[in-house]
Amino acid sequence: MLGIDRLSEFDTREHPLQTLIGHGYQSSTLRQFLGQLERVDAAESLMSVLVADRAGSLIYVDGHMIAYWSRQSMHKGKITMLGRIMAGSQAVIAHDDAGQAVCVAYYPPDIHMSQVIVAYCQQVAEATGSVVFVIDRAVNAVALAQAFHDQDLGLLCMLDDNEHAGLESFETTLVDTLEDGTRVYSGAWQEDRAGDPRHFVIAEPTAAKPLVYWGTPKVKEAFEVTEWPRVYRERNEIQELGFKRMIDHGGLDINHGRKTIMGPDRHQQRKKEQLAQSLETAHERVTKKAEAVTAQQAKVAASEAQGHGTRLAQRQGKLVTLEHELQDAKGKHVKLAEQVATLGPAGQRADRDFRKQTIMTIRTLFLENMLRAFMAVLLATLPIVVSLEQVLGLLFERRGARMETSSQVIYWVNTAGLSLSNRLLLDKIVEGLSAMDLQDQSKQIHIRLKDMPP
């Protein structure tokens, strides 16, 4: 009846765009447009729109896994939100301390962040001029701390709970006591550890386990140690909660582009490397056990030649034990060799082509940056505090209408069914928007409220 053959055609036929905005987009769908941008490698050029004129003094970095369903054999990783090992993509996103996104890069899900983070942060530092980074425990390692220090970059991170035993693990000095009673200590390891450039700050709450933060010398130069816990905690609002907001209204978890790139099977390569190492260890064990058996046989023969009684029995018993251990070692060696053989020749797996995905994620991050800037201006005009979620819900998750003339654009927002409190809140928001003198291509924008019939 509607002339729609497939569900994917619904969005292009739902609204009479020619009537609403003066033109349609059936001849230039999103897929076609992304294909054109992909062919000119637009992601690299578009990345510059994320970098503010003046980036903040530090950069927060976090990874976000996006699930991808495919029947094709692809590299897999742990998709955290789903708790599954499956195909997907890993977006590594950087924000400055004002919450503005400044960079994004995509990696296959089987590549751990620690393998790419130094090169990524170097790229961000070159683009923004900021050299201090705050990252979660995914990069908690002495080697990475040293790598950042060697590149003259700062890294603020947290120590895993199983790496320390509280204050007794450190030689500390009390530097501050917070309003809630939390004591903040600063110091280094109790025992000197060569090659570890990290300095530690321990926050000890009154009724909870201590939290240990560490930073490289660059972090210590940039921030007072008393600020480290606060700086690290802000990562949660800027990135963890920011990702959830972008999933809700920015399409962060939507996959764009179906192209894949075939390459060597890294899962198979890793398994081969692990088996080769295990096989080498097993071979060394067989050699040692064989040498031990040979040496013990010589001792038994010497005891027999000398007519020993008790000692001969002892040596014969130990020889039996060593022969059993040799057989076990040979058996394990054979099993490992069989596992290597079953892997067969080098295989191939696919990786996603991330060009379209990167372009759309830049769009999502740019939208988030603009929304944050918009909210900052809106809040300056309002006598009350509202959240972005409230504004989006009241303005965009409701029915409405639009009319455009030669001099103005008028939007009507449906207020039917709104509670009194939400109606009053919407009135305040519209008053604030009116005070902002909004324009669209030199046309004045007006927002009106109206009860629309169902």
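This is a predicted model: local features need pLDDT of at least 70, side-chain atom pairs count only at pLDDT 80 or more; totals for chains, interfaces and linings use all residues.

Colleague: Why is Asp 62 called buried?

Modeller: Asp 62 has a relative accessibility of 4%. Buried means under 20%, so Asp 62 counts as buried. This residue is placed in strand E1, which covers residues 59–67.

Colleague: Which residues is Asp 62 in contact with, leaving aside its neighbours within four places in sequence?

Modeller: They are Ala 91, Val 92, Ile 93, Met 113, Asp 136, Arg 235, Gln 239, Glu 240 and Phe 243. Contact requires heavy atoms within 4.5 Å.

Colleague: Why is Ala 141 called partly exposed?

Modeller: The relative accessible area of Ala 141 is 26%. Partly exposed lies between the limits of under 20% for buried and over 50% for exposed, and therefore Ala 141 is partly exposed. Ala 141 lies in the loop between strand E5 (132–135) and helix H6 (142–150).

Colleague: What does Ala 141 touch, not counting residues up to four places away in sequence?

Modeller: Ala 141 touches Arg 198 and Trp 214. In sequence, Ala 141 and Arg 198 are 57 residues apart, while their C-alpha atoms are 10.0 Å apart in space.

Colleague: What makes a set of residues a nonpolar core?

Modeller: The members must be buried residues of the nonpolar kinds, joined through side-chain atoms within 4.5 Å. The largest such core here has 54 residues, and those with the most contacts inside it include Val 61, Ile 117, Phe 133 and Phe 148. Helix H5 (residues 113–128) gives the largest share of this core, eight residues. A second, separate core has 19 residues, among them Leu 371, Leu 378, Leu 395 and Leu 426.

Colleague: Which residues does Phe 133 touch, not counting those up to four places away in sequence?

Modeller: Among them are Ile 59, Val 61, Cys 121, Val 124, Phe 148 and Leu 156.

Colleague: How does the radius of gyration of the protein compare with that of a compact globule of 454 residues?

Modeller: A compact globule of 454 residues would have a radius of gyration near 22 Å, whereas the protein has 32 Å. The C-alpha atoms fill a box of roughly 120 × 65 × 40 Å along the principal axes.

Colleague: What share of the 454 residues is buried?

Modeller: Buried residues make up 40% of them. The protein exposes about 25,900 Å², of which carbon and sulfur atoms supply 52%.

Key: Residues are numbered from 1 along each chain as its sequence is written. Side-chain values use heavy atoms; hydrogens and water are left out. Buried means under 20% relative accessible area, exposed over 50%, partly exposed in between (1.4 Å probe, protein chains only). Helices (H or I, at least four residues) and strands (E, at least two) are DSSP runs, numbered from the N terminus. The radius of gyration is taken over C-alpha atoms; the globule rule is 2.2 Å times the number of residues to the power 0.38. Accessible areas come from the Shrake-Rupley method with a 1.4 Å probe; for residues, only the protein chains shown count as cover.
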